[in-house]
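Please take a walk through this structure with me. Keep the sequence and the 3D view side by side as you read.

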Amino acid sequence: MAEAHANRRLAAILSADVVGFSRLMGVDEAATLSALKRHRKSVFDPSVADHGGRIVKLIGDGTLVEFMSVVAAVECALAIQMAVLAEAVTEGPAIVLRIGINLGDVIADGDDIYGDGVNIAARLEPLAEPGGVCVASIVNESVRGRIDVAFVDAGEVRVKDIDRPIRIWKWHPSKGEALSAPVTVADKPRAPEKPSIAVLPFDNMSGDPEQEYFSDGIAEDLITDLSKIGELTVIARNSSFSYKGRSVDLRTIGRELGAKIVLEGSVRRAGQRVRITAQLIDTSTGGHLWAERYDRDLTDIFAVQDDVTQRIVEALKIKLTPREMSMISGAGTKNIEAHNCYLRARELLATPNMNREVFEQILEFGNRAIELDPDYAQAYAGLSLTWVFDYHNRWSDDPDGALQRAAELAAKAVEVDPNEPMAHFAVSIPAGFLQETQRAAEAIEKTLALNPNYAPAFNSRAIFAIYAGRPQDAIADIERAKQLDPSFNHHYFHFIGLAHFMLGNLETAETMFRERIVLFPGTDASRAMLASVLGHLGRAEDAKQVWADLMEVNPRYSFEQHMARLPFDDPSGVEKITEGLAKAGLP
């Protein structure tokens, strides 16, 4: 079961086919094949690459493409069909496509994909008009208001091998359908043109498993420094560290993380000496862009990290701003022992299933780091985030006072280092839960100004937008967070589901909440939201089954307490959730 989950994912699938291919081949086989090759080279393949798609396979005149973003899939299809139309005007008709798009579960088997998500896309393609696009209802919901065209409702259809009717929507470039509301560039996530890099966990060569935190800490420090560079897209620790202890081809890692470049290395620590190797690799070719080995005293560790960062910048031909140069030097402290304590605390803070014992260990290491260096901003920020966990999990003797304690520690972090992104992020979290909306928003903007690759900040900005009654503003930020941290999808699926729920896109919301439940079976929050969505869809029995599953997962779940913890500025959000449960006959 775990392996099946690891090989399944939610994806947007584009299926394209040439109209009348057999007839064209019968008329002039050589000319048709030449036109098809020219079309793929000049139109189709470049459009797919520009929109971050992956061509899964070519089947004669048909093509199957996978996208992680449904907006990117639709915009790719529109770009292809508009290009074909423009080409026909200047050069006469040649290759005309039908395109179908679906958003659904796929199962990966090597480079190939299978499942209902693929089957439905293939069934939608022949329903499109020649030169047009046909999408499932969930795709139309997901992109509505976020692209420059509007699809037309084509009703419900039944297709082969699918046991339920599918509502479809169509678009054709010659029909002149009404445009939707204009969309700003910020609302349209694109495959990044700037270099994208993933820093893999460094191998611990010390022969002592207890030193694992140290080798991990060096890699994470490099991620932190590189993330502050605006001309880089840097994959978050959650995702790059998901390959820890696994032997995976770098090309696969590059494809799964959307990283063109990977940094890997090793650390050997012996007493007060440390040996670090690092190599920068192009994931498309496997070629080394740069490699180096350092044999240094432990006290030189910060200088080594600075040098590795600088060498990466030079290898990628990136020009740093003066502010970036000042921000990426050093680890926030010059005290080796304080840094050592902070690395241990940070490692524990990333524990997937934190408990009271881990919480207390983080406090011990974090407080010791501050004793050793009272001006260590990252340590204050880490402690602040730890107390937020206590607020939610009720571990300490005063969990209700945990938010105030978190706020005080975050304020201290900003005081000692106003240029530390994590400090401003730490300010935003308790401020949000204390409903200090403006303070939280300002802190998030400062975080992203200092670290444009900070996935949690994009996610937090999205969450605050949802709670403020602006769910449309949230979706692009969540998708950016997903791009930076694809392995943390289970968390993002909940909030993108909530955004679509608030927008009334119920089919999309259902899919996102179900995806979150598959990826994170212990969730009660996503089950509560899903039950409400199903109530609004008129599927009371399904909602009751989801609620029964929720009570099995967490018999102590309280809807009232759950809603009380959510900082909705707009009361209509809670009302909508409550109404859905009422429609399903649930408490």
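Pro-130 is partly exposed, because its relative accessible area is 39%, and buried would need a value under 20%. This is a predicted model. Look for Pro-130 in the loop between helix H5 (116–124) and strand S6 (133–136). Which residues does Pro-130 touch, leaving out those up to four places away in sequence? They are Val-19, Val-96, Leu-97, Arg-98 and His-172. Take Val-96 as an example. Pro-130 and Val-96 are 34 residues apart in sequence. In space, their C-alpha atoms are 6.4 Å apart.

Next, the cysteines. A disulfide is a covalent bond between the sulfur atoms of two cysteines. How many disulfides does the structure hold? It holds zero. Cys-134 is in no disulfide. Its nearest cysteine sulfur belongs to Cys-76 and is 17 Å away. A disulfide would need the two sulfur atoms within 2.5 Å. Is Cys-134 buried or exposed? Its relative accessibility is 0%, so Cys-134 counts as buried. Cys-341 has a relative accessibility of 6%, so Cys-341 counts as buried too.

Now turn to helix H16, residues 421–433. Of its 13 residues, 12 are buried, so H16 is largely enclosed by the rest of the structure. Among the buried residues are Pro-421, Met-422, Phe-425, Ile-429 and Gly-432. What do the buried residues of H16 pack against? The partners are helices H11 (322–327), H12 (336–349), H14 (377–393), H15 (402–416), H17 (437–450) and H18 (455–467).

H19 covers residues 471–484, and H20 covers residues 489–503. They pack at an angle of about 165°, with their axes 9 Å apart. That angle is why H19 is roughly antiparallel to H20; the cut-off is over 145 degrees. H19 passes H20 in a left-handed crossing. Who makes the contact? On the H19 side, the residues include Pro-471, Ile-475, Ile-478 and Lys-482. On the H20 side, they include Tyr-492, Phe-493, Ile-496, Ala-499 and Leu-503. By class, this contact of H19 with H20 has 12 nonpolar, three polar and two charged residues.

H20 also meets helix H22, residues 525–536. The axes of H20 and H22 come within 11 Å and cross at roughly 25°. H20 and H22 are therefore roughly parallel to each other, as angles under 35 degrees count that way. Their crossing is left-handed. H20 brings His-494, Leu-498 and Phe-501 to the contact. H22 brings Ala-525, Ser-526, Met-529, Ser-532, Val-533 and His-536. Look at the spacing in the numbering. An α-helix has 3.6 residues a turn, so residues three or four places apart point the same way. By class, the contact of H20 with H22 has five nonpolar, four polar and no charged residues.

One last stop is Thr-508, found in helix H21, residues 506–519. Is Thr-508 buried or exposed? Its relative accessible area is 0%, so Thr-508 is buried. Thr-508 touches Ile-138, Glu-141, Ser-142 and His-500, not counting residues up to four places away in sequence.

Technical notes: Residues numbered from 1 in each chain as written. Predicted model: local features only at pLDDT ≥ 70, side-chain atom pairs only at ≥ 80, totals over all residues. Heavy atoms only, no water. Axes fitted to C-alpha atoms, helices over the stretch in contact; angles between N-to-C directions. Helix = DSSP H or I, 4+ residues; strand = E, 2+ residues; numbered from the N terminus. Parallel < 35°, antiparallel > 145°, perpendicular 65-115°, else oblique. Left-handed = near helix turned anticlockwise from the far one by under 90°. Contact = heavy atoms within 4.5 Å. Nonpolar A, V, L, I, M, F, W, Y, C, P; charged D, E, K, R; others polar. Buried < 20%, exposed > 50% of the residue type's maximum accessible area, 1.4 Å probe, protein only.
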